[in-house]
Amino acid sequence: MNKPLRKASVFSLLLVLALLIWVTHVQLARGDSLRDNTHNARVAISEYAGPLGDIMAGGKPVTGSATTHGNLKYKRTYTDGELWAPVTGYASQSYGSTQLEALERQVLAGSDSRLKNPLEAVTRERSKPGDVITTINPAVQKAAYEGLGNKTGAAVAIDPTTGAVLGLASTPSYDPGTFAGTSKADQKAWVALQKDEKQPMLNRALRQTYPPGSTFKVLVAAAALENGLYSSVDEPTKSPDPYRLPGTVTDMHNENRSAPCENATIRTALQYSCNTVFAKMAVDLGQTKVAAQAEKLGFDDSKLDIPVRAAKSVYPSGMDDSQTALSGMGQFDVTATPLQMAMVSSAIANDGKLMTPYEVDRTTDGSASALDRTRAKTYSQAMSRHTASELQSAMRTVVDQGTGTNAKIPGVTVGGKTGTAQHGENNSANPYAWFISYADAGGGHKVAVAVVVEDSDAARADISGGGLAGPIAKSMMKAALADTGS
């Protein structure tokens, strides 16, 4: 072989060797990332080559699959899509997926390695898809959704003993099935949703934060009892009425000027929702102690996954005393999701122990065999049993004799706290109406609820937590406890 030909042969061999090395690298080192890349059309073709697994609630699927035309043979369908969208999220051939549809995608699409038999593991063939079994109680979900109706708002119900989320509603909502495919109608539906000023695709239960208003007062009361500022909810506080905000010439008054708020007990202050009592209480405690109590209940946690991640609820830092006073009544820069306030109520109902909330009970292989199961776990010992018992009693007074009477359920122990949170520049916008509560039917049957109504057709003077949010919470609690005969 002459010298030029030998050089060409060696060069060609090196090119072939380099190509083999690159192909091996792509297949082994980058195979998974390329296969899972959302821009890889083969991913969508594979996912929609057969029916997807289902998301289940109450033993029945709330999702399905239907045949289509083209490379994507099946598309996602939804039963009562607007009802379930805050739980399921969406799965769209054009726009990807969110929430459980995204987080449990491998199970639902049959690509999870745990679904494969030995032959499928070798051939990498699509396995029979699995299902996602949620903790949601359909009756509670329906009560929340119908109760909110045409109002803008959200509602969450939790089993305090386990942390299982029983209801998760957000309104206005949307039907994920309207843009699940690739047609012009699907595209039109998607564009309309993106332009909708009411933001129907925003999951207000998990992803929207609001000033919690007077519902935050139960947390301040917990901090006062936990830190020994007061020994019981029936001990008189040191609370002037009106209360001069520290470092200012501004006097804080109560909504009800005739309410017995001067030196009121915590029980009376919650019953009449005395701003002056809890503003001064927060100052007496100091923001550090209030913040510590808030953190035990889930505030300032940026990694709260249920498994969908919730927005961080915030108790602010760096406040002066007058700002700390305003924080004591759930104003200034305090913000909370409806999930967060349901967690507050849940900890009180569960004798001080806060369980980590979750909305997926288990995933299965499409039959009865579980791939994994969520185990109930403690988030924190948020307060002592004594403090929780005191607050349970005071919250019962709110429902029995105070601003929360709309939440009464015959034969069931119910405690609650109303809230009307100011927002907008100089309180120019309609206030948010809040209600947090718990119900105990005995025998370990409990439920904790939080409801916020962001906007409604009620006149400003008629907006109140007890009037707007209380009846919704009541219907959710009744639905949750229905199997106990309550």
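Here are some questions and answers about the chain shown above.

Tutor: Happy to! This is a predicted model, where local features need pLDDT of at least 70, side-chain atom pairs count only at pLDDT 80 or more, and totals for chains, interfaces and linings use all residues. Residues are numbered from 1 along each chain as its sequence is written, and side-chain values use heavy atoms, with hydrogens and water left out.

Student: How many helices and strands does the chain have?

Tutor: Helices (H or I, at least four residues) and strands (E, at least two) are DSSP runs, numbered from the N terminus. By that rule, the chain has 18 helices and 18 strands.

Student: What percentage of the residues count as buried?

Tutor: Buried means under 20% relative accessible area, exposed over 50%, and partly exposed in between, using a 1.4 Å probe and protein chains only. Of the 486 residues in the chain, the share that counts as buried is 51%.

Student: In which order do the 5 strands of the open sheet lie?

Tutor: Two strands pair if DSSP finds at least two bridges between them. Strands β7 (residues 131-134) and β13 run antiparallel and are joined by 4 bridges, with Val132 opposite Thr363 in β13. The edge strands, each pairing on one side only, are β2 (60-61) and β14 (370-373). The pairing in the sheet is mixed, and the order is β2-β1-β7-β13-β14.

Student: With which side chain does the side chain of Asp361 make a polar contact?

Tutor: Asp361 is in strand β13 (residues 360-364). Setting aside neighbours within four places in sequence, Asp361 is in contact (heavy atoms within 4.5 Å) with Ile133, Thr134, Thr135, Arg373 and Thr374. A polar contact is a pair of N or O atoms within 3.5 Å; within protein, one must be able to donate a hydrogen and the other to accept it, and residues adjacent in sequence count only if both atoms are side-chain atoms. At 2.6 Å, the partner is the side chain of Arg362.

Student: How many residues of helix α13 are buried?

Tutor: Helix α13 (residues 275-285) is mostly covered. Its buried residues, including Phe278 and Met281, pack against several elements, among them α11 (217-226) and α14 (287-296).

Student: Which residues have the most contacts inside the largest nonpolar core?

Tutor: A nonpolar core is a set of buried Ala, Val, Leu, Ile, Met, Phe, Trp, Tyr and Cys residues joined through side-chain atoms within 4.5 Å. The largest has 78 residues, and those with the most contacts inside it are Met281, Phe299 and Leu339.
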